[in-house]
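Colleague: Could you walk me through this one? I'd like to learn how to read it feature by feature.

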Amino acid sequence: MAVIIPHSSPSDKVASPSVTIGVDEAGRGPLAGPVVAAAVVLCKPRPAGLDDSKRLKPARRAELEAAIKRRCRWAVGVVEVEDIDRLNIFGATMLAMTLAVRALCEQISEEVGEVLIDGNLTPQGRRPEWCWPARPIVGGDAIEPCISAASIIAKEHRDRLMRDYAAQHPHYGWDRNAGYGTPEHLEALRTHGPSPLHRRSFAPVAQMALF
């Protein structure tokens with residue numbers, strides 16, 4: 001099941017008659033858990049110190065997430081494991097991005113000038129409901145502030161989900177590895193088999209052949 005998480009507009013208004021939306025995802029590579037995409041319209045002035053979420057220390061990333069959420073407009077799209085296995089991870093990522101942008105556009109009255117997406121591909125032409133001008137930017141999470149902001153929101157949101165899931169399925173260390181195939185996670189997978197939150201379409205999970 002796909003989930004969209006919109007956020008109501010803060011008091012700060014975007015002054016431009018058209019807006020640029022930054023989009024990034026978190027969770028394409030893990031063996032377990034959802035894929036999450038975030039869409040952000042930056043406020044003015046934008047939070048200082050935006051960068052690729054992977055290059056930020058956890059404490060700084062959390063501070064920036066709070067600043068983005070407090071002052072800017074954002075939304076999150078979450079696509080769960082069942083749809084990842086049904087669509088494949090690429091298709092699920094395109095869906096998550098679409099859900100995030102659609103939820104954000106429902107909040108704003110301005111015209112969308114462009115959606116900037118981290119990577120080399122966009123949902124344009126790949127999701128029938130995608131209807132916004134889109135431009136992919138390789139490495140955009142490090143060079144385009146609005147994409148950096150989206151990367152922070154997406155990663156922080158997904159990491160929280162995985163910590164919550166770790167309490168339900170403590171064997172796999174998801175609070176430490178966020179579902180990625182670390183040695184600890186792979187050993188637990190061999191010992192305990194896949195959980196309902198594991199991606200059956202991913203080879204290390206499929207090879208367990210225990211479901």
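Modeller: Let's start with S53, which touches R61, S151, I152 and K155, leaving out residues up to four places away in sequence. A contact means heavy atoms within 4.5 Å. Some ground rules: this is a predicted model, where local features need pLDDT of at least 70, side-chain atom pairs count only at pLDDT 80 or more, and totals for chains, interfaces and linings use all residues. Residues are numbered from 1 along each chain as its sequence is written, and side-chain values use heavy atoms, with hydrogens and water left out.

Colleague: Is S53 buried or exposed?

Modeller: Buried means under 20% relative accessible area, exposed over 50%, partly exposed in between (1.4 Å probe, protein chains only). S53 counts as buried because its relative accessibility is 5%. S53 sits in the loop between β3 (35–41) and α1 (58–71).

Colleague: And which residues of the largest nonpolar core touch the most other members?

Modeller: A nonpolar core is a set of buried Ala, Val, Leu, Ile, Met, Phe, Trp, Tyr and Cys residues joined through side-chain atoms within 4.5 Å. Here the largest one has 66 residues, and I21, V40, V101 and V115 touch the most other members. Helix α3 (residues 89–105) gives the largest share, 12 residues.

Colleague: What does the pLDDT of the protein chain average?

Modeller: pLDDT is the predictor's confidence in each residue, from 0 to 100. The protein chain averages 92, and 93% of the residues score at least 70. Over residues 11–15, though, the pLDDT is below 50.

Definitions and conventions: Helices (H or I, at least four residues) and strands (E, at least two) are DSSP runs, numbered from the N terminus.
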